[in-house]
Amino acid sequence: MAMNHRVAAVLLALLMLAPADVEGQAVTDAPERELPAWMTRWSPLAETGAITRALPTAGIVTPMTILPAPRVGLLWSAGNPAGLAWDIGDPRLDFAATRGNESGALRRPLDGSGISETRVRGSGWRSLGSRGRGIGGARFGQTLFDPGTTSNVNAPYATPQFVVMDSSSSATERTQVQLDGAGGWSLGDWGLGVALGYDTRSTQTVNAGFVRSNRAVLPTGSLGIARRISESLSIGVHSTWHAGNETINLSAVGAAGQVFVWRGYQSVPGATVFDQPFYRRISRDAVQHNASLAGAVANVQWTATAGSVRREDRFTAQRANNPTSDLWNSDGYNAGVSLLRPFQDDRLLLAIDGRFARLNGQATFFNDSVHGLTTEEQQVALNSELRWRSAVDGWIAVAQADVVLADRRVDDAVAARRSQTQGLTNRLALDVERAMGRGWSIAGGAAYTRYSGTGTIPDPAFMGAFYQRVFAPELDIATSPSSATAFSLGARWRARDGSLFWAQARSESLSLRQRLDYVPDGARRGSSILVGVVLP
Amino acid sequence: MGVPAGPQVLRVQRLGFAPRRIDLVVPATGTLSQDVGMAASALQVAGIRVVADPAGRARGEAGTASVIEREAIRSQVAASLAGVLELIPGVVLQPPGLDGIQQLSLRASPISGGSAILTDADAGNLSAFGTLLVVDGVPLSNNANLQSLGSRSEVNFGGTAGVGIDLRRIPATTIERVEVLRGVPSARWGDLTHGAVIVDTRAGVVEPELLARVDARTTEVSFVAGRDVRTAHAVTITSNFARTETGGGVRGDQSSRLSGQLAHRWSSDAAAGPDARIILDTRVDGFRLTDDRPETPTLPGSERFARDAAFRVLERAQFRLGNVNRLSLTAAYERGSQGYESRRNLVRGVQALTTRTEPGREIGRFEGGIYNATVRVDGQPSFMYSRAELSSAPNWFGLAHDARVGLELRRENNSGAGTQFDLLFPPQVAVVGARGFDRPRSFDTLPSYALSSAYIDDRVSFSLPGGSRASVQAGLRVDALHEPGRWAAAPRSTVWQPRLNAELAVTPWLSLRSGFGRLAKAPSMGSLNPIPDYYDVVNVNYFANAPTERLAALTTYILDPTNTSLRHTVQDRAELGAELRAGGAQVSLVLYTDRLTNGLGVQPEPAFVLRDNYQLSNVNPGSGTPPVLVEPPVSQDSIPVIISRAANNIQTSGSGIELTADLPEIAPLRTRLALQAAFARSSLEQDRLEFTSRFADFQLLPAISRIPYFESFRRTGELGLITGRLIHHQPEIGLIVTGTVQYTAHEKQQNVGDTDSLAFAGYLTRGGTVVPVPRGERGDPQYADLQVSRGTLTSARRGQPDWLLSLQVAKTLPLNGRFSFYAFNAFDRLGRFGTGEVLQRQFAGTRFGVELSMPLGGLAAWR
């Protein structure tokens, strides 16, 4: 135990001394990259009714060799909490801390420029009595954007086409906490599960004359029921509810500023914020229903799921009891199939996951009912993982190969502009770990992502300055080739009681493979130090 | 153990384990066995209580109380005592942090606004002022707080002078237990009108623990450790630092607190616990609380700072005299240091000013334009407290008694530089106003304030035929406020306060209670020594173009608003209650009513000052010399003024219902519901004259010969709050999730009084004479000039029902650590915007944060 403390102290010291540099947010939005999708799919915090457009990344940041082997089932593949009672076996508890930094000229206009962040997370699962199982996690993060982003909203590159930005580039600090947990109970052949999630963040300019604050809450919940038809077949349904409020306040304390509220591709004049503060509130409700099947055939575990989603976002500027609002409505459906096949007495494992999602969105403006702004988005993703564990010499290797095809159309009849973009992302990643004796092992990893984009977009040369400044860079990047690479090096120590202490240094970069007119030359680089412990 | 029959609480403590609290019903005869399971963390123990005990009793008290134990305090994730007190009925939830002054208004509802030109008393402030705060057996006092500029000042800062103690000074992390006496306290407690909050800080052997909390605005770090030193001594250290960014990100404002305490106990026989022959408790504690509002680039010249600090030392000696008697001697001294400074840009037209601080006439000077008014108030309040108490638990006439007799002496003082500002650049532009203006005032000359009290109290329990049990606590207390400074001096105000609480345990599961009594609170030092009213009457105002030719002459009058007959505020209260314990549920229902008289207010007293008018000679424009004032004055006129005299002229009444229910756990869901509902109705009347906002014109314009006055109206408020806590507990994984929903079911405020143009009660002449007009004559044409709208009364305003949810999650960590998350207003509900007759009630935005506590006892052997 004393040894465990010493290792923990060393890991903590490593974290404190780490150069404040690494993995990135422009390269990604970090919390979503900490764990593989199958480990978070059960969480009701997963985005619903919107597709977030991220820059190409080189995959998850947590070393794959310390993660449990992929699992398939109603819980892991379909996100149905009713599957908890059957899908969870041995308990697991892990904690991790990350210190990272990211910078570089390459970014979209509403991405942060310089980013440094500290994150701590804990998660685990275990049995609750004889019939129940529980899973849950907590994540805390503080992120400093310096120089800051001009975006006032937390997700400027998502499906809704209402975005607020301003002229400030002051440093901004964001504090975020995410909590999620689920409980599932088996009652004979029936399973019942409930999951709750809560995501809240507060973003604030730091020592700025033109002050921006954003606070957001996202309470979510899902309820599922499942039934075992036979030993090899289960069926389940679950519904997930999302609500949320995001409140933006701008005020001029030491300096005036300009705010831009844009809808679709419309060019908007900036409004000066001086003596009157600026206020926007975005409220959302989303409901998703899914039906799923899970079973096993010839040593292959499989899950199939399909569902529909409906979401409404309301944008208002009025401080009143019943404010008028602009509306963004999205509806769509999704489907997915997951397969898991063990080989060689479970020392070799192949997991394949395929997903399809389609989403249509449209705007309704508060002052008229013209549905002149619509989006159509489709995404197909195929992820595979091959995990191998040596029987004798302590090698562990995990290889991943992913393909994502995304298609997005925006038709803004009001602005008389439309765009269509298609992106193809291919990713390969390999993590290797080798035992060195006395519980120690070393690990290394590499990942490469290649993105190819095509599409039809309004020619920026014939558009106004606002379009060139705000929309063109993103569309340029989305329709151009780019690549991301990542390398990592780490060490692990396994204590006799089964605890695993690990540390990793990681660097990642993103670069364009051709020069673009509206995107600054250069790359984006990030680095991070991660430490963690996995408890049995 | 000889434990009385009936409902009892078994408390079990052991170092390294979470304390347990088990409700028991002790049989009248025989032996009761109870197995007690213990765990390192309370989160891993079934039955953990994270809310106030609905049927709890404060130690030595029979009246209605809320008892909040350590685990409930810890689960509350509060920055200060105020956050802990959200566990009692009727308290509005607030975001955790050091934002703004924090007070407790027991059993008071917000009431409607009032007068156009006079400062209004408020039922909430009266309640906060009348709520006694006792820490480690010794009251804290805010009576000598003089950090106020009064209502005349146009440069202001926040402060708690005349109201309750700022609860931010007490960190929640260092509190072991809180008892809130909501009902009729025993005679042991005095200098209160609305109840008492009894706080025990952490002391004794405590495993070292480090706690850190962070949210987007607040950072807090606490450390607590206590251990035995040899056998007879125990030493405990608690410390806390907290800082909150209070400017909402818009300004750089912040509040911070630094506090620490050293506790020592010596016992002649440590193994005997509280039954040792001699126990000496020593506490040394201090705090520093700051509120900073630095200037901003857009508003240069405006800033304010407040520094409150105090150091307190107390000694409590307990002597066991035989088997049933105990003598307790307590002495404490607290010395504070308060420094508030505020500055602001003011604009004035050119006006004649004088720097005179004594009555009389003086040649003045002209000043005008924009200036930066700076005012500073430095005070050093001190509080000396001593108590001797003899307690005895004899068996007289076959009945078990618990009797106390005690004597208390208090002495309060304030010294220091007091209010300071430049007389030529005062914090008040309107120097010719209805209510005069201020001068700098040193606190060094103010007399001390001495109070003495004596009390006797007995509690007797007995069985009744049929198996029921009864308990009666009766006592009498007398509080005396002495002439300045000396306990030996004759009291200027004395209040006898009988108090009675009775309880009838009809069955083991049903108890009925009742209580009534009189409570009293001494006036504050600020009311006993009000700021004098200065009037600078302009006799000559010759403003020539050339500065050297100008002449101003002013006569200074000083009117003393001191009220030498000011006396105690008194409240009579009564309550009825019932408690039910059945099936694991505890329900408590209390109906109460109270009436406060002699409340501290301000009586506007009409008066006048004389103005001499002079002729000038040698008026030669261009001469470069001012004219000469020709004595004697050619005429004289009167200027009506109002003396703001401190007075016992407030009456309030309150009534309400409090329901507290702690329902049994729904086992399959491992969830329980704790419910609190409070309906409070308050009304306030102030016996005073009131005027319209035209009074300033009346003062300045001799053509206006009279002005109507009105009788005070009644200001009322009602508030119905329901607070439900849904508590989900998973002991196996050390997880507890609490969702707190506060539903404002009812809110109403209304001024009750005449509103029409015949509402005036009479008129005031320029000579300061109050002339009543009979109601039947007010419509006569001769009073047409008095038939004006009062202007301040509106119809009833009601609040819309609304709710907010707060969330708390606590989870054990490896090494007995603990992680907590909290989100105030977790759904970020906005509340309601006010419109017309709808009261505005806007909720503070979501505030969330995390807390991490880690015991450090494993680092070294700790005992």
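**Strand pairing in chain B**

Mentor: B:Tyr542 has B:Leu551 as its bridge partner in E24(B). This is a predicted model, in which local features need pLDDT of at least 70 and side-chain atom pairs count only at pLDDT 80 or more, while totals for chains, interfaces and linings use all residues. Residues are numbered from 1 along each chain as its sequence is written, and chains are lettered from A and ligands numbered from 1 in the order in which they are written.

Strands (E, at least two residues) and helices (H or I, at least four) are DSSP runs, numbered from the N terminus. Two strands pair if DSSP finds at least two bridges between them. Strand E24 (residues 551–559) of chain B pairs with E23(B) over nine bridges, in the antiparallel sense. Both belong to an open sheet of three strands with the order E15-E24-E23 (chain B) and antiparallel pairing. Strand E15 (360–363) and strand E23 (533–542) of chain B are the edge strands, each pairing on one side only. On average, neighbouring strands of this sheet are turned by 25° against each other, direction ignored; the axes behind such angles are lines fitted to C-alpha atoms, for helices over the stretch in contact, and angles run from 0 to 180 degrees between N-to-C directions.

A second open sheet of chain B has five strands in the order E3-E6-E7-E4-E5, with mixed pairing. Its edges are strand E3 (65–68) and strand E5 (138–140) of chain B; each has a single partner strand, so one side of each is left without a neighbour in the sheet. B:Glu179 stands opposite B:Ile198 in E7(B).

Elsewhere in chain B, strand E13 (residues 303–321) and strand E14 (residues 325–353) pair in the antiparallel sense over 19 bridges. B:Leu321 has B:Asn325 in E14(B) as its bridge partner. Three residues lie between the strands of this hairpin, where B:Gly322 takes a positive phi near 75°. E14(B) also runs antiparallel to strand E16 (residues 365–392) of chain B, to which 25 bridges join it. Across that pairing, B:Ser342 stands opposite B:Val375 in E16(B).

Now for the other chain. Between the chains, 28 residues of chain A are in contact with 25 residues of chain B, contact meaning that the C-beta atoms of two residues, placed from the backbone, lie within 7 Å. On the chain A side, at least two residues each come from strands including E2 (115–128), E3 (132–145) and E8 (233–252). The largest share, five residues, comes from E7(A). By type, this side of chain A divides into 13 nonpolar, twelve polar and three charged residues; Ala, Val, Leu, Ile, Met, Phe, Trp, Tyr, Cys and Pro count as nonpolar, Asp, Glu, Lys and Arg as charged, and the others, Gly among them, as polar.

Chain A has four helices and 21 strands. Its radius of gyration is 23 Å, close to the 24 Å that the globule rule gives for 536 residues, so chain A is as compact as a globular protein of that length. The radius is taken over C-alpha atoms, and the rule is 2.2 Å times the number of residues to the power 0.38. Of the contacts in chain A with a separation of 6 or more, 73% are between residues 24 or more positions apart.
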